[in-house]
Amino acid sequence: MNELVHPYHCFIRPTVTHTTFCPGCGDGTVAQSILRAIDGLGMDMDDFVFVSGIGCAAWIPSPFFNADVLHTTHGRPIAFAFGIKMGLPDKKVMVVSGDGDLVAIGGNHLIQNARRNIEMTVICVNNGIYGMTGGQAAPTTPMGVKTTTTPYGTFENFFEDISGLVIAAGASFVARWTTAHPRQLTNSIKKAIQKKGFAFIEVLSQCPVQFGRKMGTGNAVQMLEDYKKRSISIKEAKKLSPEELRDRIVVGEFVDLDKPEMVEEVTRMIRRASGEVQEVVDAGRG
Amino acid sequence: MGRTEILIGGVGGQGVVLSGILLGTAASLYDGKQAVQTQSYSSELRGGSARAEVIISEDRITDPEVRRADILILMAEDAVGRYLNKIKPKGLLVIDADLVKGVTSGDYDILAIPATSIADKEMNNIIVANLIILGALIKKTKLLSVESMEKAIEASVPKKAKDLNLKAFRRGLELS
Amino acid sequence: MDEKRVHTGRYFMMGNVACAEGALAAGCEFAAGYPITPATEIANHLAEKLPRVGGAFFQMEDEISSIAAVIGASWAGKKAMTVTSGPGISLMLENIGFAIGVETPCVIVNVQRGAPTTGMPTIGIQGDMVQAKHGSHGDYEIIALCPSSPQEMFDHTVIAFNYAERYRTPVFLLSDAFVGHMREEVVIPEAEKIETVYRNIPEPGTDPLKVKGFLDEDVAPMPIFGKGFKAHVTSSCHDEYGKRNLIDISALDKFVRRLSNKILKHKEEITLVERDYEDAEIVLVSYGGVSRAAAAAASQARKRGIPVGTLRLITVWPFPGEEIEKMARKTKQVIVLENNLGQVYPYIKAEAAHFAEVSFLPPKLVGEIQDPEDILKKIEEVSK
């Protein structure tokens, strides 16, 4: 008798028997969007090295993806990924981690590598909370929310636009979606994988267990409906005033441009330095 | 010849460390001797205090620190207070006479060279005062051969500056 | 090794430059770091020379990302290193623990400087000795070499790479500003005379499910990335296959013990010392630049008829306790010399005190290695 097998089962590490995500977690949607994109591009898991940090989203590739996976320290996956990409320039390097990992403790690595425009895909699963440690405030937690470390409500301004930060830093490709947009997300991941440059995708993802309870936004279904309701395309958003855009989620592909990419620049530098090609940089120097 | 300990004190930008490197290179690579050169400087690159130490010996050099200098070269007034107590009894004190005024006589020989004014007047560049001092030192002490020093200068200074440095060194040879 | 990498010849060379030359000769392909006095000459030299042999030095945003990138590059199959000083090591410590946990070959050069905190950047001290062994959290073993001359900055860098690759572990080169900035004759041998080691990797084509890539006390083959091993590399507690286990205490026990035993089991072949204490009644124990002052004092003492010997630790970690005991059994007095306030001294005392009197002679001024005259005074004091 033929067993009914999920079409993406082949992408899952054979030794993995169950997921670690809470019921209703958005991580499953993100995982499937990544695998759909890889499958859609006709690529193989051996074309990739996945890197993750610490937090729930970091567990998407580790251990589930049947590929080379480096599960690193808190906040540093992009820095580890830098070394991997330089060592294996022909492989696709993808970082999957959360907002706490990539934007709080690891914020500078995100900024600096977006600036370098080193080719890699970074998927930032933004659930607005520290889920794994039990619901502490993140830099993405809206002001006033009561969390386990802010029992009287958060008193800090928060990151409303991580994508804007990465755009300003100089990334080649930046997009934002929510888990209520799995198809659009998959398409953007496809583009990100193929991008010669730093490709960043922010995915707003529901954490019903920690965030939903604290915010009073309800269960996973209610949170997804809320995402749908609040989302607005870049084009539509342009027609609205900042006041009208409050509490809205602008989704879409913000940036998709071609600019010098670091691995290529390094390769070029090495060719010059090793005498493979004529030295041109020093020509003007006296 | 046993162990000769040399301490050079000045300020950053005077070529204190380069002087140490030249002595060490000449001894080690061209004069068949052993040499250790060490240095210390404050973090600012220009104007801060700078010190180079060189030990030259026929035999293997174990202790690499200059403990009591056989030869003390002072290129700045600042360095007097800092290093004069490091000179060995009967040692040789070499000073740039244009910059170091406050040296009283003691249990040491003094070789005073107006290196900065010579460099300024004759070479139009005070930066090679250190080479004039090295020339005078080598002439007086025969510590190393002139040939070795010249080879070290050729090997260590940038091509553009080679002639000027050799000229200054040779000028120094005439001074003691 | 490639002749382009080995610049055979006789030089009057700075220790830091010799270190970079050693890295080239050892086959280093990737270096990452952040500018810091007194280690910058190594970075500068690597930045110039590595691209000529197809590698590169990368200036990262901080020391945390420097060691992270080095570990990433090592998993990509490259021989990799970072260069820094104490403040940089303090930032790297978490990821050094990561490298130990997932058994990553890499070389970490610490050109130690006046500390604690920002301290005095151009003055060399041996202030980070125990940090190298115990700085990252948890029980672990580390390998650390202590060069005493520019020649050894070259030689030990080659050894550090070979140890890192052979034992799949970070290896420290614990130099200091004094040795790093010291110039002395350095002889770089011909390429074919330099032994270089590259890590074992699993047989290409091995079924990924059968690759035992971790926790072997005899050093598991490293399932480097890009070869189809589908390696799951996590610094969380894992088993021989890399599979995470966050619940069984017995898995943690195995994780901790095997990582440590991997080094301890090979301690004898890792340990490098210089013994010169035949018939000595007093032995000076030291490492790094200080050992040169110790050698000078011992030779002067012998001239005065006092039987003084020396034991120099070239590898301070894993701690060569057996060597200390062997020495202590043969002598009466042990004097420990370090350019700090006594960091390795308690370890030496613990091994030697059963058999000999052990004392410590700190430098008169921390930052200036002991004057042989002062060591002689101490020798005369204990020999009474």
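# Interfaces of chains A, B and C

The domain assignment of chain C gives domain 1 (9–193) and domain 2 (272–383), with bounds from an automatic or database domain assignment. This is a predicted model, in which local features need pLDDT of at least 70 and side-chain atom pairs count only at pLDDT 80 or more, while totals for chains, interfaces and linings use all residues. Residues are numbered from 1 along each chain as its sequence is written, chains are lettered from A and ligands numbered from 1 in the order in which they are written, and side-chain values use heavy atoms, with hydrogens and water left out. Two pairs of chains are in contact (heavy atoms within 4.5 Å), and chains A and C share the most contacts. Chain A and chain B do not touch, their nearest C-alpha atoms being 12 Å apart.

**Chain C with chain A**

- The contact involves 40 residues of chain C and 39 residues of chain A.
- About 3100 Å² is buried between chain C and chain A, 63% of it on carbon and sulfur atoms; buried area is the accessible area (1.4 Å probe) that two parts lose on being put together, summed over both.
- On the chain C side, C:Glu61, C:Phe225 and C:Lys230 lose the most area to chain A, together 21% of what that side buries.
- There are two salt bridges between chain C and chain A, a salt bridge being a side-chain nitrogen of Lys or Arg within 4 Å of a carboxyl oxygen of Asp or Glu.
- C:Glu61 also forms a salt bridge with A:Arg116 (2.8 Å, N to O).
- Strand S3 (56–59), helix H3 (63–75), helix H4 (86–101) and strand S9 (232–234) of chain C each give at least two residues to the side that touches chain A; helices (H or I, at least four residues) and strands (E, at least two) are DSSP runs, numbered from the N terminus.
- H3(C) has the largest share of that side, eight residues.
- Strand S2 (residues 68–71) of chain A and S9(C) run parallel and are joined by three bridges, where pairing requires at least two DSSP bridges between two strands.
- In this pairing A:His71 stands opposite C:Thr234.

**Chain B with chain C**

- Here 22 residues of chain B are in contact with 25 residues of chain C.
- The two chains bury about 2000 Å² between them, with 51% on carbon and sulfur atoms.
- B:Leu29, B:Tyr41 and B:Arg67 supply 25% of the area that chain B buries against chain C, more than any other three residues.
- The one salt bridge between chain B and chain C joins the side chains of B:Arg68 and C:Asp371 (3.0 Å, N to O).
- Helix H1 (16–30) and strand S2 (34–41) of chain B are the elements that give two or more residues to the side touching chain C, and S2(B) gives the most, with seven residues.
- S2(B) and strand S8 (residues 183–188) of chain C run antiparallel, joined by two bridges.
- The bridge partner of B:Gln37 in S8(C) is C:Arg183.

**Domains 1 and 2 of chain C**

- The C-alpha centres of the two domains lie 26 Å apart.
- Their contact takes 28 residues from domain 1 and 24 residues from domain 2.
- The area buried between the domains is about 1900 Å², of which carbon and sulfur atoms give 55%.
- Two salt bridges are counted between the domains.
- C:Arg292 forms a salt bridge with C:Glu184, the closest N and O atoms being 2.9 Å apart.
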